[in-house]
Amino acid sequence: MQTPTTPGPAGTQSPHYARDVVAGLVNDGMATFVADAAVREAVQRGSRVRFVQVLPTGLSAEDRSEMDVAMFGVALRALHQQRRVPCTFETVEGAAGRTLVERSQGAAVLVVGRDAPEVVEPVGKY
């Protein structure tokens, strides 16, 4: 059994574990590559994968639902050939770079895609 290692507010423990591999998924065309790399890394480390999808604020419920389904599909395809890789799924809104860094605090690895040259808010550079 893993023990939470990141202290939370007022002495509570965080549900995130130091051995986690965080797959930072944003709508940039790199989600499949990020999910595959994160699963491979988790298998090597014997750790859990946390699929964290960051969406822009203000999406309609329908758009958010479609993006959640797409993220779940990407994650399942990455996990398909692996056995018993523990994982969690999370969808949050905000600025991708900042949000992924905050959500992966205490994790062993944060996996993100390569920034396209024309991207306005580069995730990898952040």
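Helices here are DSSP runs of H or I with at least four residues, strands are E runs of at least two, and both are numbered from the N terminus.

Quick note: this is a predicted model, where local features need pLDDT of at least 70, side-chain atom pairs need 80 or more, and totals for chains, interfaces and linings use all residues. Residues are numbered from 1 along each chain as its sequence is written, and side-chain values use heavy atoms, leaving out hydrogens and water.

So, which residues of α1 are buried? They're Ala31, Val34, Ala35, Ala38, Val39 and Ala42. Buried means under 20% relative accessible area, exposed over 50%, and partly exposed in between, with a 1.4 Å probe and protein chains only. Over on the other side of α1, Phe33, Arg40 and Gln44 are exposed.

And what covers the buried residues? The cover includes β1 (21-25), β2 (49-55), α2 (61-79) and β4 (109-111), with contact meaning heavy atoms within 4.5 Å. After α1 comes Gly46, with a positive phi near 65°.

Last stop: Pro56, in the loop between β2 and α2. Pro56 is partly exposed, at 44% relative accessible area. Its C-alpha atom is 8.0 Å from that of Ala96, 40 residues apart along the chain.
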